[in-house]
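The exercises below are meant to be worked through with the structure open beside the text. Each one sets a task, and a stepwise solution follows.

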Amino acid sequence: MTDTKKHTVLVVEDEMATALAMGSALEQEGYEVLRAADGEEGLRVALEKHPEVLLVDLKLPKMSGMDMIHALREDAWGKTARVVILTNVSDMGSLQAAMMNDTFYYLIKSDSSVADVIRAVATQLAPSA
Amino acid sequence: MEQVLQVVAQSYQQVQTIAAFPLLIAGVFVLIVVALGVYVAIVARVRADARVAHLVKAYDTVTKELREAQKIGHFGSFVFDFRDLELSSWSEEMYRLYGLMPREKTPDIHTFLRLAHPQDESVVREMWTHVCTTPGPFAFSYRIVLPTKQVRYVHVEGNTLMDVETKQLRIEGVVHDITKEMEIDRAKSEFVSLASHQLKTPITSIKWLSEVLLRKGSEPVTQVQEKYISNIHDSSQHMIEMINDLLNVSRIELGTLSMKIDEFDVKELIENIREEQWHAAEEKHLTLNITYDDGLPHLVADRNLFRMVIQNLISNAIRYTPANGTIECAVSRAQTDKEFLFVRVTDSGIGIPKEERKHIFEKLYRAPNAQTLVPDGTGLGLYVVKTVIERAHGGISFESEEGKGTTFYVSVPFVWHDTAGVEKAHS
C-alpha cells in the first residue's frame with residue numbers, strides 16, 4: 001500500500017452524505033482529507049493547500065466543477081494538479097465538455113464503489129500518474 | 001306531238017302529285033330525327049357541362065380541404081417529375097414550411113439543399129442524391145434554416161417512381177414540420193437526465209455509507225448489524241440498476257442513447273462487477289466462477305454500456321438461481337471471428353419456460369416463473385442489453401431448460417463504432 005500518511009486529498013462535493021462516505025473511507029486508508037462543499041470553496045482550498053489529489057463533483061453550487069477546474073488550470077500549480085471527476089451526470093455531453101481540453105480520470109458515482117474511489121486516488125498518486 | 005307532250009306533262013304532274021306526299025312524309029321524318037338529335041345533343045351537353053361543373057366543384061372542395069389539412073397538420077406535399085418538369089409542383093404549405101413565397105415556377109431539388117442547416121448539409125446532399133437516382137420509398141429528417149434565420153426540423157417521406165418505358169423518375173413526397181416534437185423530445189430527455197441524477201445521488205450516498213460501515217477500518221458491527229447494512233447496500237445497488245435501466249430505455253425510445261468510446265481492460269471491469277455482486281451471490285451461497293482467455297485485447301467501446309450488459313447478465317443469473325447453485329462466466333476471444341469478444345454466462349437457475357422464450361427480450365416482459373421467484377423486477381434489463389449489443393453490431397442468444405438453468409451467449413466487436421447519428425439521418 002502507498003505511504004498515504006503524507007498525502008492530502010481534497011473532496012469537493014456538496015452532497016454531505018457522499019462527502020462523508022468518501023472522506024471516512026480515505027481517512028481509514030490513512031489520507032489527510034480536506035473538504036469543500038461548493039466550487040468556490042473548492043478552488044480557494046485547492047490554491048491554498050495544494051492537495052495532491054482533488055476529487056471534484058461536476059454539479060456544484062456557486063461554481064460548477066467544470067468551471068472550478070478551468071479556473072484551477074489557470075494557476076501555475078493548478079495546471080498540473082491531479083483531478084478525478086466524480087459525477088452522476090447521465091449525459092456524456094457534459095462529461096465530454098469537461099474533458100474537452102484536458103484528460104481526467106472520471107468515475108460515475110452510482111456505478112462505482114468506495115473502493116473504486118480509493119483505487120482512483122491511489123492511481124493518481126502512483127509514480128507514473 | 002302536242003298530244004304526246006300533253007300526256008307527258010300530265011303524267012309528270014301525276015308522278016309529282018303521287019311522289020310529293022311520301023317525300024313530304026320523309027322530309028318531316030328527317031326533320032323530326034334531326035330535331036331529336038339536336039335535342040339529345042343539347043341535353044347531353046348540358047348534362048356533361050353539369051357533370052364537369054360538379055367535378056370541378058368537387059375538385060375545388062377537395063383541394064381546399066387538402067390545403068386546410070396540410071395547414072393544420074403542418075405538412076406540405078411535392079412532386080418532381082423528371083419526365084416533364086412542368087408537371088412538378090409544391091403545395092401551398094410546402095412554400096410556407098420552407099419560408100418561401102408561392103411562385104409560378106416550382107422550386108427545384110436544389111432548393112432543399114440550399115435551405116439545409118450547414119451542419120446537416122452533407123448528409124442531406126447524400127440523401128437527396130439517393131432519392132433522385134434510386135426508385136423506392138425514402139424517409140429522413142434534418143434541419144432547415146429559413147430566410148428569417150429560424151431553424152426548423154423537417155421530416156421528408158415519399159416514393160421515387162420509375163417510368164417503365166422512359167426510365168425517367170418521378171418523386172412524390174410530403175414534408176412534415178416536426179420542430180415541436182423534437183423540442184418535446186429534448187425536454188423529455190433533459191427531464192429524464194435530471195430525474196436520474198436527482199434519484200441516483202442520494203441512493204449513491206446510502207450505498208457508499210453502507211460500504212464504509214462494512215469496511216475493515218470501521219468500528220466493528222454485530223452480525224445482525226452487518227446483515228442489515230449488507231441488505232441496505234444490496235437494495236441501494238438494485239435501485240441504481242433499476243434507475244439505469246429506466247434511463248437507458250428512455251434514451252433508446254428518444255433516440256438519444258449515445259456512446260462514449262474508451263479503451264479499457266475487460267477483465268478489470270468484470271472483476272469490478274464480481275466484487276459488486278459478490279455479496280448478493282454469497283448470501284445465497286452461490287458459486288460464482290469467472291474465467292478469462294489469456295492475452296485478451298482491451299475493448300475499445302462504451303465502458304458504461306458494456307458494464308451494464310455484463311452486470312445485467314450476472315445479476316440476473318444471481319437473482320434467478322436458487323441457493324447453493326452455480327454461475328459460470330467465460331470471457332474469451334471468439335473462435336470464428338477473432339475481432340469479437342465472446343462472453344458466456346451459465347447458471348443453474350430456474351430456466352426459461354419454452355413458450356416464454358420468444359418474449360424474453362421484449363420490453364417489460366418477465367416470465368411467470370421469474371415473477372414468482374422475484375416479484376419485483378422491471379422487465380427492462382434484457383431489452384436494454386439486446387438493444388445495446390445490437391447497436392454495437394454484436395449478438396446475443398441463449399439456451400435454457402426450465403428447472404435446470406440458462407446460458408446466455410454474447411458477442412461484441414473488440415472495437416465499437418457509434419453509427420446512431422448516421423442511421424438517424426438515413427432512416
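Helices here are DSSP runs of H or I of at least four residues, and strands are runs of E of at least two, both numbered from the N terminus. The model is a predicted one.

**Exercise 1.** State how many helices and strands there are in chain B, and what share of its residues is buried.

*Solution.* Step one is to count the elements under the definition above, which gives 11 helices and 12 strands in chain B. Step two turns to burial: of the 427 residues in chain B, 26% are buried. Step three considers contacts in chain B between residues at least 6 apart in sequence, of which 60% join residues at least 24 apart.

**Exercise 2.** Work out the strand order of the open sheet of five strands in chain B, and find which helix packs on the sheet.

*Solution.* Begin with the order, which is S2-S1-S5-S4-S3 (chain B), with antiparallel pairing. At the edges are strand S2 (89-90) and strand S3 (136-145) of chain B, each of which pairs on one side only. Next, take one pair within the sheet: strand S1 (residues 75-81) of chain B runs antiparallel to strand S5 (residues 169-177) of chain B, and seven bridges join them. In that pairing, Gly76(B) has Val175(B) of S5(B) as its bridge partner. Finally, helix H4 (residues 121-133) of chain B packs on the sheet, where H4 touches S3, strand S4 (151-162) and S5 of chain B, and the direction of H4 makes about 150° with that of S3(B).

**Exercise 3.** Describe how helix H2 (residues 39-49) and helix H3 (residues 65-73) of chain A pack.

*Solution.* First take the geometry: the two helices pack at an angle of about 25°, and their axes are 9 Å apart. Because angles under 35 degrees count as roughly parallel, H2(A) is roughly parallel to H3(A). The crossing of H2(A) and H3(A) is right-handed. Then list the residues: H2(A) contributes Gly39(A), Gly42(A), Leu43(A) and Ala46(A), while H3(A) contributes Gly65(A), Asp67(A), Met68(A), Ala71(A) and Leu72(A). Sorted by class, the residues of this contact are five nonpolar, three polar and one charged.

**Exercise 4.** Identify which helix gives the most to the side of chain B that touches chain A.

*Solution.* Start from the totals, in which 22 residues of chain B are in contact with 20 residues of chain A. Helix H5 (179-214), helix H6 (223-254) and helix H8 (303-319) of chain B each supply at least two residues of that side of chain B, and H5(B) gives the most, with 12 residues. By class, the side of chain B that touches chain A has six nonpolar, 10 polar and six charged residues.

How values were computed. Residues numbered from 1 in each chain as written. Chains lettered and ligands numbered in written order. Predicted model: local features only at pLDDT ≥ 70, side-chain atom pairs only at ≥ 80, totals over all residues. Contact = placed C-beta atoms within 7 Å. Nonpolar A, V, L, I, M, F, W, Y, C, P; charged D, E, K, R; others polar. Pairing = 2+ DSSP bridges. Axes fitted to C-alpha atoms, helices over the stretch in contact; angles between N-to-C directions. Parallel < 35°, antiparallel > 145°, perpendicular 65-115°, else oblique. Left-handed = near helix turned anticlockwise from the far one by under 90°. Buried ≥ 20, exposed ≤ 12 C-beta atoms within 10 Å, placed from the backbone.
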